[in-house]
Amino acid sequence: MTSLQNRAYAESPIGLGKKTFNPKENSKDKATELACKQWFDVRAFGQVFAFGKESDAAGVSIAIRGPVTIQSAFSIEPVSITSTQITKSVNSEGDGTKKSSDTMGMKHRVDHAIYVAYGAMTPQLADKTGFSDTDAEAIKAILPKLFEGDASSARPEGSMAISKVIWWQHNSKAGQYSSAKVHATLKVNPDGDYDLTQLDGLKPEEISGF
């Protein structure tokens, strides 16, 4: 889809259809309900549907807050970046008699690093978007396989992998402990090994990478 509007107006099963998803005629609550029911990523991570003045729903903006948040990953230690000069074999334009300005370039990579990322799921927001325990299990199942099928020349197949997924599940919507306190129980060492302290009544599940 080239835009959120095209995605919304596309016919089922991809979208909702122009008649169904019409923020100008339907209420924002109804449009939110339809969008969350139709798309997993919307009810999980949220989305802002903003329609410009040139569209049928002029000036309408629908902000959906998703219950799932995943923070940026940070390396345990400062990384060393290796830079390599590269040469393009084909010009982007022209008749090939002259080298284009982007013939020579640089490619940068991190040769080795251990990264840690934290995340959370908020039940109160899940109630609003319809995010279910089944949806949570789907995310839980895919996290250990995060880098499969995501290769590139700077990130070759097999060069990145998930080592461990630590999964905490509270016994109440309010949570037994704050997210900060839970995250503080995990200490990752530069060699990739880790220490995990267990809080009373909250046992973490340790899942090995794929």
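Predicted model: local features only at pLDDT ≥ 70, side-chain atom pairs only at ≥ 80, totals over all residues.
Student: Why is Y115 called partly exposed?
Tutor: Its relative accessibility is 40%. Y115 sits in strand β7, residues 115-116.

Student: Why does D135 count as buried?
Tutor: D135 has 8% relative accessibility. Buried means under 20%, therefore D135 counts as buried. The residue belongs to helix α5, which spans residues 133-142.

Student: Which residues does D135 contact, leaving aside neighbours within four places in sequence?
Tutor: F40, R43 and G130. Contact here requires heavy atoms within 4.5 Å.

Student: Why is C36 called buried?
Tutor: The value for C36 is 2% relative accessibility. The limit is under 20%, so C36 counts as buried. C36 is placed in helix α2.

Student: What does C36 touch, not counting residues up to four places away in sequence?
Tutor: V42, R43, I64 and T129. R43 is also in contact with D135.

Student: How many residues apart along the chain are C36 and F131, and what separates their C-alpha atoms?
Tutor: They are 95 residues apart, with 8.1 Å between the C-alpha atoms.

Student: Which form does the peptide bond from S12 to P13 take, cis or trans?
Tutor: Cis, with omega near 10°. P13 is in the loop between α1 (4-9) and α2 (28-38).

Methods: Residues numbered from 1 in each chain as written. Heavy atoms only, no water. Helix = DSSP H or I, 4+ residues; strand = E, 2+ residues; numbered from the N terminus. Buried < 20%, exposed > 50% of the residue type's maximum accessible area, 1.4 Å probe, protein only.
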